[in-house]
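Subject: Structure handover

Hello,

Here is the structure we spoke about, with notes on what came out of it. Please read them with the coordinates open.

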Amino acid sequence: MTEEVIRRKERLDRGIKVRSDTVYAVSSWREILFLLAPRAGLIFVLLIAPLAVPSLYWQRVICIMGVYALLAVGFDFLAHFVGLVSLGGALFIGVGAYLTGCLNHYLGLPPVFAICIATVGGAFICTLILLPSLPLKGVYFAIITFAFPIMIERIIVAANILGGTDGIPGLDVFSSTWLSQYSILAIVLLSLFGLRRLVNEDVGVVFRGVKDNDQAIRASGLNVTYYKAMAVFLSAMMGCFGGAYLAHLYGWVGTSLFSLDFSVFPLVATVVGGPGTLAGPLLGCMILVPISEMLRAFGALRVVIYSLIMVLFILFWSEGLLNWARRKYEQFEHWVRV
Amino acid sequence: MGKGLTMEEPLLQIRNLSKSFGGVAAVSDVSFDLCKGEVLGIIGPNGSGKTTLLNLITGFIAKDHGTVVFDGTDITRTPAHKISNLGLVRTFQIVRPYVTMQTFKNLIPPLFSPRVKHSERGKLGDRDAVAIDVLEDVGFERDAYVPYKLAGSLPLGYLKRLELARCLAMKPLAICCDEVFSGLSMAEIASLLPLVERLQSEGITIIMIEHRLRELFRVAGRILVMNFGVKLAEGPPAEVMKDKNVRRAYLGEEVKV
C-alpha cells in the first residue's frame, strides 16, 4: 500500500519584489534595475524592431501591429478597469479614418493636422454615438458597440456617400517609412504608460469602482455615466488615432476599415497577452500580428488557426502570457506537503 | 450647500411620496418632516416599503408622485449623485464595497466627489491619508493594518462600518442608514451602537431603517411605522409601540385565551 502524498504549490514574493514595492526601491541599483528591466526591455524591443526586420513588407507589419496594439490596450482598459466590454474597435478605426480622409481630401488639410483633429473629433463622435448605451452592462454594451460599425458601413455603401464602395483614394501618405513606424510606436508607448499611470491615480480608483459597484459610486456623489463616457473617450481616442494613421499609411479610406477584424483581434490579443495588465495586450499583438502575417499562405484557414489559438488560451492558459511571466518574475514557487 | 435654514424650517421635508411597481403600491402617500440633528427610526414588517422609501428620498428610484425638499432645495427630480453631493447620503442594506481594492481605497471615490474635492478637506494632502483617518475614526484599527486589507476579505461587521465610513467621508448633513445592524452578532452591534450615538451627538441628522428595536429606541427620538407602503404611525418610541395598529402589524393579533 502506497501512502498518497498530497502536495500543493506555495508561492512567495521574492525579497527584491517586496523591497522595490516601496519608495526604498530608489536606494539601490538592484531594485531600480528590477523595476526598470521589463519596462526598458519592452521599449528597447519596440524601438529596435523597425531596424531589425528584413524588408519593407515587415516594416509595414510593424505599423499594423501598432494600430492593433492601440486597440487592444484600449480594449483592456475599458474591459478590466472600467467594466465596459467594448467591441467597438472597428467603429473607432472607421470613424477616425473617414474623418481624416474627409479633412485631407475635401479640405486639403495636411496629414499632421488631419490626424490630430480626427483623433480628438473622432473620439468625440464615437463617445456621442455610444452615450445612450453607456448605462448598459456586459454583453449588451458589447453587442451595441459591435453593431454600430456594421450599420455605418452599410449606410456609406447604400447612400453612396463619402466615396461609397470605392472609398476616398489619393490621400497624402507619410513622407518616410521611418516616420510612419516610429510615430505609431511612440504613440503606443505613450498611451500604454499614460493609461497605467491613470489607473493608479485616484480617478483610476473611481474607474475600478464603476466596474466593481456602480451604485456605490452614485452614492459617493459621482456621476457613473460621466466617468464611463470619459473612459470611452480615452479608448476611442486611441482607436481613432489608429484609424486616422491607417488612412494616411494606405493613402486610402474605404469601408473595409469598418471590418470586424478591428473589433475581434484586440480581444484575442488581450486573452493571449494577459487580461488586466495593459502591457499584456501589447505583447499579445507583438506575437499575434506577425504570426497572422506568416499564416497568409493558408488563406481562409488563417482565421481558423488564430481562433484555435484563442480557444486554447482561454481553456488552458486563461491568465495569459504577461500575468504568467509577471508571476515568475516576482515570486518563487515550490512544492510543499499538505 | 443649500439656501440655508431658519430655525423653524426642517432639514428634510417629504410630501405625499408615492411609488408603485406595476400595480403594487410600494410606497403610497408618505409625508414627514425631519429637523436638523434629529434621529428618525423607520420600522415595519418585511416588504412594507421602508427601503423603497429610502431609495425614493435619495433619488435611486424615480418618484411617481410627491416632493422632497432637502436643506431648502427641491430634490424631487435631482439625480442620485447630485443628492449625495448636497449632503444627503445613504448606506446600502446589502453592503457594496469594492471587493478587489484595499479598504482605504474604497473611500477614494467619496473623497473624489465634487462635494469633498472642492471643500477645504479635499485639498488637505493625500486622499489616501484622509481615507485612513476616516476609517480609523469608525473603528478600523490602523495598528492591525485593517484599513490596508482587501475589502473583500473583511467580515460583515467591518463592511457595515465601511458603509458608514463612505457616508462620513462625504461630510454629510444627513445619513440614511438602511439596516446597519442586520446580520451582525450582538457583540458587533454593541460596538457599532456607540458610533451611531456619536454621529447623533455631532449633530448629523439620521434616518435609520431597523429591525433591532431595542438598539433603535436607544438612539431614535421619533419612530415612523410603515405597513403595506402606508405610514401607520409616527411619534416617540414609547407612544408608537403602544399604538394598537402598530402592535397588530408588527407583533400580530393578541389572542385572548
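This is a predicted model: local features need pLDDT of at least 70, side-chain atom pairs count only at pLDDT 80 or more; totals for chains, interfaces and linings use all residues.

**Helix H13 of chain A**

Helix H13 of chain A runs over residues 301-316, and its 16 residues reach 22 Å from the first C-alpha to the last, close to the 22 Å expected at 1.5 Å a residue. Of the 16 residues of H13(A), the number buried is zero, so the helix lies largely in the open.

**The nonpolar core**

The largest nonpolar core has 153 residues. Those with the most contacts inside this core are Tyr68(A), Val73(A), Cys240(A), Ala244(A), Leu282(A) and Cys285(A). Leaving aside neighbours within four places in sequence, Leu282(A) is in contact with Ala69(A), Ala72(A), Val73(A), Val188(A), Leu192(A) and Gly273(A). As background, nonpolar side chains in soluble globular proteins tend to be buried together.

**Contact between the chains**

Chain A gives 16 residues to the contact and chain B gives 23 residues. On the side of chain B that touches chain A, the elements giving two or more residues are helix H2 (80-86), strand E6 (88-90), helix H3 (108-112) and helix H4 (114-117). The residues on that side of chain B divide into twelve nonpolar, six charged and five polar.

**Helix H5 of chain B**

Helix H5 of chain B covers residues 127-137, and Arg127(B), Ala131(B), Val134(B) and Leu135(B) are buried in it. Seen down the axis of H5(B), these buried residues fall within an arc of 100°, so they line one face of the helix. What covers the buried residues of H5(B)? The cover includes helix H8 (202-212) of chain A, together with H3 and helix H6 (156-169) of chain B. After H5(B) comes Gly139(B), with a positive phi near 105°.

Gly139(B) turns up again among the contacts of Leu195(B), a residue of helix H7 (186-201) of chain B. Not counting residues up to four places away in sequence, Leu195(B) touches Val138(B), Gly139(B) and Leu164(B). Leu195(B) counts as partly exposed because 18 C-beta neighbours lie inside 10 Å. The C-alpha atoms of Leu195(B) and Arg77(B) are separated by 32 Å, and the two residues are 118 residues apart along the chain.

**The antiparallel sheet of chain B**

Four strands of chain B form an open sheet in the order E2-E1-E4-E5, and the pairing is antiparallel. Strands E2 (24-34) and E5 (73-74) stand at the edges with a single partner strand each, so one side of each is left without a neighbour in the sheet. Strand E1 (12-21) pairs with E2(B) over seven bridges in the antiparallel sense, and Phe21(B) has Val24(B) in E2(B) as its bridge partner. E1(B) and E2(B) form a hairpin with two residues between them, and Gly22(B) in the turn has a positive phi of about 50°.

Which residues of E7(B) are buried on each side? Ala174(B), Cys176(B) and Asp178(B) are buried on one side, and Ile175(B) and Cys177(B) on the other, so that both faces of the strand are covered.

E7(B) pairs in the parallel sense with E6(B) over three bridges, and Leu88(B) stands opposite Ala174(B). E7(B) also pairs in the parallel sense with strand E8 (205-209) over five bridges, where Cys176(B) stands opposite Ile207(B).

**Two backbone angles to check**

Most residues other than glycine have a negative phi. Asp71(B) has a positive phi, near 55°, and lies in the loop between strand E4 (65-70) and E5 of chain B. With 22 C-beta neighbours inside 10 Å, Asp71(B) counts as buried. Glu179(B) also has a positive phi near 55°, and its place is in the loop between strand E7 (174-178) and H7 of chain B. Glu179(B) is buried, with 20 other C-beta atoms within 10 Å.

Regards

Definitions and conventions. Residues are numbered from 1 along each chain as its sequence is written. Chains are lettered from A and ligands numbered from 1 in the order in which they are written. Two residues are in contact if their C-beta atoms, placed from the backbone, lie within 7 Å. Ala, Val, Leu, Ile, Met, Phe, Trp, Tyr, Cys and Pro count as nonpolar, Asp, Glu, Lys and Arg as charged, and the others, Gly among them, as polar. A residue is buried if 20 or more other C-beta atoms lie within 10 Å of its own, exposed if 12 or fewer, and partly exposed in between; C-beta atoms are placed from the backbone. The arc is that of the directions from the helix axis to the C-beta atoms. A nonpolar core is a set of buried Ala, Val, Leu, Ile, Met, Phe, Trp, Tyr and Cys residues joined through C-beta atoms within 7 Å. Two strands pair if DSSP finds at least two bridges between them. The expected span of a helix is 1.5 Å times one less than its number of residues.
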